[in-house]
Amino acid sequence: MTTMLQRFSTRQRVEHFVVMILFTTLCVTGLPQKYFQADWAAAIINALGGISAVRWVHRVAGILFTIVTAVHLVVVIAGAVSGRMTLTLVVNRQDFVDAMTTLRYYLGLSNEQARFGRFDYRQKFEYWGMIMGSLIVILTGLVLIYPIEVARWLPGQVIPAAKAAHSGEGLLAFLTIIVWHIYNAHLNPDVFPFDKTIFTGQISEARMKHEHPLELEGRKR
Amino acid sequence: MGAAALILLAALAAQAPAAGDPADIIETCLSCHEDPSLELTLPSGETLSLTVAREGFMTSVHGGRQSCLDCHTGMDEFPHPALSARTRREFRVASYEACKQCHFNNYTRTLDSAHAAALSRGDVNAPTCVDCHGSHDIRPPGEPRSRISLTCGQCHAGVSAQYATSAHGQALADHANTDVPVCTDCHESHAIEGATSGNWRTRSPDLCGSCHGDAALMEKYGLSTAVHRTYLTEFHGMTASLDATKGDGRTMSALCTDCHGVHDIPRASGEQAAVMRANLANTCRSCHPGATDSFPDAWLSHWEPSWTHAPLVYAVQWVYWVLIPFIIGGLLLQILLHVWRVVVNR
């Protein structure tokens, strides 16, 4: 019988689910706007009811995503300030050491494997990439929704620059999810075919021992 | 003598050699119809001149090839059958049916035109073949090319005058330029569509692009095809071209003509460039009320971003051209290394 341990709270699981839905919506309605001259993009846009409908859905999803991100930041900052939350995703020196250790291990230069805490350096990279990327797409997205208001305070060229940034950052986020997140949550031999932890909140003790040994030791202490 | 000749001619005409030598028929007809006083009073009280200028007809595209009877069928009888037309205009509208016997393609294309639609609504002033081409003195309509806009200007005087002041109209008038569009290049000649329909509007960027997207043509005049390309890839052009695919003729987006004008399109270089630039905020405000003077800078004036034009935009593009391959490449490398290690471990 496998012992299951709680890894994610209900709030975290709901948050992941909502972000997953919104991110998918934003990609489906955003990438065809970036590549609108391609046949596949025009087909998606027409299937969704035309460019105006696509923009409308994208903006609503974007505003909801902004709210989710804002709530996340408020919860984390409030949790940290009140001392009720341990900031396990803060990047520290050990993460760089772990990255180097892992790289040496992958290259076969050493048999020593890095031992991770609650989040390993790859997960921290993805988290901070997501936070920074979210801030960029949110700010530039707001510029694109309100160009006239923005041009009242900032040079007009900020608007096409925001579009370039929004478009580039959106593609970067999409590719990161396709390449990195799909690998780590689905194709990685350790979790194949599907890492259910973020949906159930549960992780087996054996997996925690393998993937987050320092956290397990911390819990048992 | 005169009476004898008339009787002779009447006899000739009565025999009606429709398949005879055109020159003979023409001479037969002109023997009466060259008379400048020959006219008919119509039921409306208008007089219809029946005189044909020999020189005009003989030097026309039909002169010497077609006989009078080819168009004026039934007139081989003498005395001629009575006209059913009550007014000069009715006579003219009825006559143009004659053209379709030979020019069937252009005739049927004309039936799709806004002019034919107006005619079928009962507007007898709508133009028929002969109003544009003439009747007995028909010449190639595009010789010289500038004649075309004058022909349209007979009715469309306002538009024709505007066109004459435009970059296109001036090049045509001053340099007899053969590349600039005359009326028919945009509107076509026979199947002239109503230019106020939505579909006409949503298709108009393609129309401008058919010249302004043609690199070889634009190079002759030092113009850039980037104007068309940049329009199609920025917000307005993207919206307009996607809306056009819906085919319902509806778009809220600005098209070429919304900023540049339609018939009065000015030159966008030289002195005019500064005028356009100075008016740009007003142009924007016609769709974007409340736009401030810095708002037009959101529009890159058909420039593709570079270090000299829109450097901020270009810098952002560069960041992502570098960042995306770097990050995604790095992640792929890490995945490959991991897979490799897993395989080695087994």
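Of the 221 residues in chain A, 24% are buried, a residue being buried if 20 or more other C-beta atoms, placed from the backbone, lie within 10 Å of its own. The structure is a predicted model, in which local features need pLDDT of at least 70 and side-chain atom pairs count only at pLDDT 80 or more, while totals for chains, interfaces and linings use all residues. Residues are numbered from 1 along each chain as its sequence is written, and chains are lettered from A in the order in which they are written.

Chain A contains 10 helices and two strands, where helices (H or I, at least four residues) and strands (E, at least two) are DSSP runs numbered from the N terminus. Along the sequence these elements follow the pattern β-α-α-α-α-α-α-α-α-β-α-α. The C-alpha trace of chain A spans about 60 × 45 × 35 Å along its principal axes.

Two packed helices are described by the angle between their axes and the distance between the axes. Helix H5 (residues 121-145) and helix H7 (residues 158-187) of chain A have axes that come within 9 Å and cross at roughly 150 degrees; axes are lines fitted to C-alpha atoms, for helices over the stretch in contact, and angles run from 0 to 180 degrees between N-to-C directions. H5(A) is therefore roughly antiparallel to H7(A), the term for angles over 145 degrees. The residues of this contact between H5(A) and H7(A) comprise 11 nonpolar, nine polar and four charged. In this classification Ala, Val, Leu, Ile, Met, Phe, Trp, Tyr, Cys and Pro count as nonpolar, Asp, Glu, Lys and Arg as charged, and the others, Gly among them, as polar.

H7(A) also packs with helix H1 (residues 10-34) of chain A, their axes coming within 10 Å and crossing at roughly 125 degrees. H1(A) and H7(A) are therefore oblique to each other. On the H1(A) side, A:Cys27, A:Gly30, A:Leu31 and A:Lys34 meet A:Ser167, A:Gly170, A:Leu171 and A:Phe174 of H7(A). By class, this contact has four nonpolar, three polar and one charged residues.

The largest nonpolar core has 18 residues, and A:Val143, A:Ala151, A:Val158, A:Ile159, A:Ala161 and A:Ala162 have the most contacts inside it. Such a core is a set of buried Ala, Val, Leu, Ile, Met, Phe, Trp, Tyr and Cys residues joined through C-beta atoms within 7 Å. H7(A) provides the largest share of this core, six residues.

Methods: A residue is buried if 20 or more other C-beta atoms lie within 10 Å of its own, exposed if 12 or fewer, and partly exposed in between; C-beta atoms are placed from the backbone. Angles under 35 degrees count as roughly parallel, over 145 as roughly antiparallel, 65 to 115 as roughly perpendicular and the rest as oblique. Two residues are in contact if their C-beta atoms, placed from the backbone, lie within 7 Å.
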